Amino acid sequence: MAVRLGRKSAPELSPYRRIGVAPHQRGSLSGETCPDIFELDDGDFAAIGTDATDELTSPLPPGCVRGAHQRIVVITRQRLTMAGRDIPDA
């Protein structure tokens, strides 16, 4: 079953480009299995991170609700700040 993301389903989306630097440039020893951020071909973003849905769902701030089809992933502060320069302002 495809997960709906905006107007496209997940199998129809594809990563367009990495946002920020590659894992080996961030000091990853193996260059693999590291958090990463990608811009998708429709302009949305996707993140590879550690699944923390079970641990972080109940302490979400007031007004923040996770849908049943959504997961909470953790990426490192370093990864996000290094990606910041590649995220467009608008």
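Analyst: We will go from the overall layout to single residues. This is a predicted model.

User: How many helices and strands does the protein chain have, and how do they run from the N terminus on?

Analyst: The protein chain has 2 helices and 7 strands. From the N terminus on, the order of elements is β-β-β-β-β-β-α-β-α.

User: What is the mean pLDDT of the protein chain, and which elements have the lowest and highest mean values?

Analyst: pLDDT is the predictor's confidence in each residue, from 0 to 100. The mean for the protein chain is 78, and 77% of its residues reach 70 or more. Among the elements, strand E1 (residues 4-5) has the lowest mean, 48, whereas helix H1 (residues 53-56) has the highest, 94.

User: Which strands pair with E4, and in what sense?

Analyst: Strand E3 (residues 15-18) pairs with E4 in the antiparallel sense over 3 bridges. E4 also pairs with strand E5 (residues 45-48), again antiparallel, over 4 bridges.

User: What lies between E4 and E5 in their hairpin?

Analyst: There are 4 residues between the two strands, and Gly43 in this hairpin takes a positive phi near 95°.

User: Which way do the side chains of E4 point?

Analyst: In a regular strand, side chains alternate between the two faces of the sheet. In E4, Asp36, Phe38 and Leu40 point one way, while Ile37 and Glu39 point the other way.

User: Is strand E4 enclosed or open, and why?

Analyst: A residue counts as buried when its relative accessible area is under 20%. By that cut-off, 5 of the 5 residues of strand E4 (residues 36-40) are buried, so the strand is largely enclosed by the rest of the structure. For the whole protein chain, buried residues make up 22% of the 90 residues.

User: How many salt bridges are there, and which residues form them?

Analyst: A salt bridge needs a side-chain nitrogen of Lys or Arg within 4 Å of a carboxyl oxygen of Asp or Glu. The count comes to 2 salt bridges. One of them joins Arg79 and Asp36, whose closest N and O atoms are 3.0 Å apart. Arg79 lies in helix H2 and Asp36 in strand E4, so this pair ties together parts that are 43 residues apart in sequence. Both Arg79 and Asp36 are buried, and the relative accessible area of Arg79 is 0%.

User: What about Asp51 and its partner?

Analyst: Asp51 forms a salt bridge with Arg71, with the closest N and O atoms 2.8 Å apart. Asp51 sits in strand E6 (residues 50-51) and Arg71 in the loop between H1 and strand E7 (73-74), so to read this pair is to read a link between distant parts of the chain, 20 residues apart. Asp51 is partly exposed, because its relative accessible area is 42%.

User: Which residues form a nonpolar patch on the surface?

Analyst: Phe45, Leu80 and Ile87 form such a patch, with about 250 Å² of accessible area together. Ile87 is found in the segment after helix H2 (77-83). At 33% relative accessibility, Ile87 counts as partly exposed, since that class covers values between under 20% for buried and over 50% for exposed.

Note on methods:
Residues numbered from 1 in each chain as written. Predicted model: local features only at pLDDT ≥ 70, side-chain atom pairs only at ≥ 80, totals over all residues. Heavy atoms only, no water. Patch = residues over 30% accessible without salt bridge, like charges linked within 9 Å, V, L, I, M, F, W, Y side chains within 5 Å. Areas by Shrake-Rupley, 256 points an atom, 1.4 Å probe, with all protein chains shown as cover. Buried < 20%, exposed > 50% of the residue type's maximum accessible area, 1.4 Å probe, protein only. Pairing = 2+ DSSP bridges.
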